[in-house]
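I wrote down each item as I looked it up.

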Amino acid sequence: MTGEYHFPPAPDSLQRERESIDGHAIPRKTHLAKRKNKPPLPLPSPTRPAPAAAGGGAARRHFRCARLPPRCAQLLLVGRPFPALRSAGSDCCFGIHPEKIMSNVPVAVVTGSNKGIGLAIVRDLCKQFKGDVYLTARDPARGQEAVAKLQEEGLHPLFHQLDIDDLQSIKVLRDFLKEKYGGLNVLVNNAGIAFKVSDRTPFAVQAEVTLKTNFFGTRNICTELLPLIKPYGRVVNVSSMVSISALGGCSQELQKKFRSDTITEDELVELMTKFVEDTKKSVHEKEGWPNTAYGVSKIGVTVLSRIQARMLNEKRKGDHILLNACCPGWVRTDMAGPKAPKSPEEGAETPVYLALLPSDADGPHGQFVSEKTVRTW
Ligand code: NAP
């Protein structure tokens, strides 16, 4: 048998819930348009208030553009309309719209958060995280519907499009976070897929599609966004207990590699690629792989997290960043079906606990966590 989760299809009640949030007006556009064909913006840095001659009243805040040549070292007034800035003088200030001035507000991003556990994580973060919380979705309409649903609950998530299968989409988000926030405080890699057990798609195709999103997509996000994580940042990679059972189904040789404390990211990528290739040649079982594409993809996520945590220890030890993989439990979502014991809110508990580990916590880090408890890998 080559299927994945033994989960029945989503119940009518879930379907109705989805339909009931359709049709809400799309709220305000919250992300900034990307500059086309222009060099990276020089970002202004806060400075002391300008003299009155610069045009500012006492209550106004001013910023001095740090990277302008001397002739253009003018003060930019926050809130003054962009055309006024342009006409105020130098062409070096041409691209600095006041909205682009960097925010010091902490920021959290949750991937795949238009529904299911991701949506519940955003809901919790909106209540508990002191900063901006970005609900992201590959489909903007589904994302905006989810934002509208949370707004009805009195919450204020922001929205940004993100398809983790699309490197360009990831880079647009990366550039946006860099420009607007100068980095990122919390990243929850939640987006994932699983074929239903009844799905008749050939196993090799299931393997390629599942690994593409769950492992390679998650890895691409990490490659682009981990360098942006600020000191005391938190990263949560949503894996699954299935990664542990799938590890048990691997050959001794593979288990040893996946448990190794020295395996590199390149070696892991090679192994994940080999799994996909082995399924195409129908030799994956002979090569020591378990018969679950979802399970192997989540082995990849758990091992990737262990490697990334090790890299943070080596390269950014003083930054106190904590990065972990976790399992949300078996949760009633479109992926897992109606028979699962946990609600999405209950499923969000462990990811949110890891996302909000206090600044004085020195762990968990590089662990696989379920029910807020570190599990043996
Ligand atoms: P879900 O209800 O199916 O939601 C999955 C979310 O991921 C959706 O928002 C989906 O967006 C998004 N997504 C899928 N591919 C994406 C892509 N390429 N780019 C961006 N977003 C993408 O599933 P869930 O149960 O909430 O699962 C969330 C995470 O928990 C997954 O990583 C899953 O493997 C893990 N997990 C779940 C359970 C469980 O029992 N439910 C157990 C263990 C682990 P669309 O709406 O556009 O498809």
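I began with Ser239, which counts as buried because its relative accessible area is 2%. Buried means under 20% relative accessible area, exposed means over 50%, and partly exposed is in between, with a 1.4 Å probe and protein chains only. Ser239 sits in the loop between β8 and α7 (242-248). Helices (H or I, at least four residues) and strands (E, at least two) are DSSP runs, numbered from the N terminus.

The model is predicted: local features need pLDDT of at least 70, side-chain atom pairs count only at pLDDT 80 or more, and totals for chains, interfaces and linings use all residues. Residues are numbered from 1 along each chain as its sequence is written, and side-chain values use heavy atoms, with hydrogens and water left out.

**Entry: around Ser239.** I looked up what the side chain of Ser239 reaches, and found the backbone oxygen of Lys298 at 3.1 Å. Leaving aside residues up to four places away in sequence, Ser239 touches Lys298, Val301, Thr302, Ala325, Cys326, Cys327, Pro328 and Phe368. Contact means heavy atoms within 4.5 Å.

**Entry: Asn237.** Asn237 lies in strand β8. Is Asn237 buried or exposed? Asn237 counts as buried, because its relative accessibility is 0%. I then checked its polar contacts, a polar contact being a pair of N or O atoms within 3.5 Å; within protein, one must be able to donate a hydrogen and the other to accept it, and residues adjacent in sequence count only if both atoms are side-chain atoms. The side chain of Asn237 has such a contact with the side chain of Asn189 at 2.8 Å, and another with the side chain of Gln308 at 3.2 Å. With residues up to four places away in sequence not counted, the residues that Asn237 touches include Thr218, Cys222, Ser305 and Asn324.

**Entry: Ala293.** Ala293 lies in helix α10 and counts as buried, because its relative accessibility is 0%.

**Entry: the ligand.** How many residues surround the ligand? I found 30, and the closest are Asn114, Asn190, Tyr294, Val331 and Thr333. A residue is near a molecule or strand if one of its heavy atoms lies within 4 Å of it. The shell holds 13 nonpolar, ten polar and seven charged residues. Here Ala, Val, Leu, Ile, Met, Phe, Trp, Tyr, Cys and Pro count as nonpolar, Asp, Glu, Lys and Arg as charged, and the others, Gly among them, as polar.

I listed some distances to oxygen atoms of the ligand. A side-chain N or O atom of Thr333 is 2.5 Å from one. For Gly112, a backbone N or O atom lies at 3.2 Å, and for Gly329, a backbone N or O atom lies at 3.3 Å. On its own the ligand has 890 Å² of accessible area, and the protein covers 96% of that. Accessible areas come from the Shrake-Rupley method with a 1.4 Å probe; for residues, only the protein chains shown count as cover. The elements giving two or more residues to the shell are α3 and α10 (293-315).

**Entry: the cores.** The largest nonpolar core has 31 residues, and Ile121, Leu125, Leu135 and Val188 touch the most other members. A nonpolar core is a set of buried Ala, Val, Leu, Ile, Met, Phe, Trp, Tyr and Cys residues joined through side-chain atoms within 4.5 Å. Among the elements that each supply at least two residues are α3 (116-128), β5 (132-137) and β7 (184-189). α3 gives the most to this core, six residues. A second, separate core of 25 residues includes Leu158, Leu225, Leu228 and Leu323.

**Entry: backbone geometry.** Most residues other than glycine have a negative phi, and most peptide bonds are trans. I looked for exceptions. Tyr232, in strand β8, has a positive phi near 70°. Glu371, in the loop between β10 and β11 (373-375), has a positive phi of about 50°. The peptide bond joining Gly363 and Pro364 is cis, with omega about 0°.

**Entry: the whole chain.** The protein chain has twelve helices and eleven strands. Buried residues make up 50% of its 377 residues.
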